[in-house]
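This report describes one protein fold in plain terms. Please look at the sequence and the structure before reading on.

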Amino acid sequence: EGDDALSGPSGWTCHATGVLSEQPVSAPEPLDSWPPDGAEPVEVDGLYGRLADHGLEYGPIFQGLAAAWRDGEQIYAEASLLEEHFDEAALFGIHPALLDAALHGVGLAAENGSSELRLPFSWSGVSLHAEGARELRVKIAAATAGEVSLSLADGAGAPLATIDALSLRPLSPVQLQG
């Protein structure tokens, strides 16, 4: 309806804006060679404890990051839903808890000696190629300073989504105290 509809007397507050396009986007290469040749395993046990130490406590459905590997600056990760939530996967392009768990791999990419917590801030170039996955494979690569790009595939490696740029912003644990 226009910008006035977002800030008018209805009480709506604009928290995000976006542009949708009908322009088709080519799907990325499948992530079917898994784990990628030459990638070294990254320890994921304890990740959720470290995040809790920073003030980010995730419930069980959001603790789906299962494994990760590093190849240079790239991180490859796998995430899955808890079995009791498998039926919900068909209701979404990408189940929100599954996508959130896959994004925890971004934290692994940033753990090269840094204790700074960086969280997703803004997205651009997001394309959905399929839907309904219960498991994800994700390739996380540095795009520019403070940004990563992601290629997401289902559990078999078929392309699911791409994110050209995900901007990250630092978060102080003090900001999480209420």
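Which residues is Leu136 in contact with, leaving aside its neighbours within four places in sequence? The contacts of Leu136 are Ala77, Glu78, Ala79, Ile94, Leu98, Leu99, Ala102, Leu152, Ala153 and Leu160. The model in which these contacts were computed is a predicted one.

**Overall make-up**

The protein has 178 residues, and 33% of them count as buried. Its secondary structure consists of three helices and seven strands. Read from the N terminus, the elements follow the order α-β-α-β-β-α-β-β-β-β. Of the contacts between residues at least 6 apart in sequence, 65% join residues at least 24 apart. The accessible surface is about 10800 Å², and carbon and sulfur atoms account for 50% of that area.

**The sheet**

The seven strands form an open sheet with antiparallel pairing, in the order β1-β2-β3-β5-β6-β7-β4. The strands β1 (40-42) and β4 (117-128) are at the edges; each has a single partner strand, so one side of each has no neighbour in the sheet. From one strand to the next, the twist averages 30°. Glu40 has Arg70 in β2 as its bridge partner.

**The cores**

Leu136 is also one of the residues with the most contacts inside the largest nonpolar core, along with Leu108, Leu150 and Leu152. This core has 37 residues. Two or more residues each come from α2 (47-53), β2 (65-71), β3 (74-80), α3 (96-109), β5 (135-144), β6 (147-154) and β7 (159-171). The largest share, eight residues, is given by α3. There is also a second, separate core of seven residues, including Trp34, Ala39, Trp69 and Ala153.

Helix α3 also contains Val106. Is Val106 buried or exposed? Its relative accessibility is 7%, which is under the 20% limit, so Val106 counts as buried. Not counting residues up to four places away in sequence, Val106 touches Ile140, Val148 and Leu168. Val106 and Lys139 are 33 residues apart along the chain, and their C-alpha atoms are separated by 9.7 Å.

**The aromatic pairs**

The structure holds three aromatic pairs. A pair of aromatic rings is described by the distance of the centres and the angle of the planes. Two of the pairs involve Trp34, and the table gives their values.

| Pair | Distance of centres | Angle of planes | Type |
|---|---|---|---|
| Trp34 and Trp69 | 5.5 Å | 80° | edge-to-face |
| Trp34 and Tyr76 | 6.0 Å | 75° | edge-to-face |

Trp34 is in the loop between α1 and β1, while Trp69 is in strand β2, so their pair ties together parts 35 residues apart in sequence. The pair of Trp34 with Tyr76, which is in strand β3, links parts of the chain 42 residues apart. Trp34 and Trp69 are both buried, and Tyr76 is buried too. Through ring pairs, Trp34, Trp69 and Tyr76 are linked into a cluster.

**A cis peptide bond**

Most peptide bonds are trans. The bond from Trp34 to Pro35, however, is cis, with omega near -10°. Pro35 is in the loop between α1 (3-7) and β1.

Conventions: Residues numbered from 1 in each chain as written. Predicted model: local features only at pLDDT ≥ 70, side-chain atom pairs only at ≥ 80, totals over all residues. Heavy atoms only, no water. Helix = DSSP H or I, 4+ residues; strand = E, 2+ residues; numbered from the N terminus. Buried < 20%, exposed > 50% of the residue type's maximum accessible area, 1.4 Å probe, protein only. Contact = heavy atoms within 4.5 Å. Areas by Shrake-Rupley, 256 points an atom, 1.4 Å probe, with all protein chains shown as cover. Core = buried A, V, L, I, M, F, W, Y, C linked by side-chain atoms within 4.5 Å. Pairing = 2+ DSSP bridges. Axes fitted to C-alpha atoms, helices over the stretch in contact; angles between N-to-C directions. Phe/Tyr/Trp six-rings, centres within 6.5 Å; stacked < 30°, edge-to-face > 60°.
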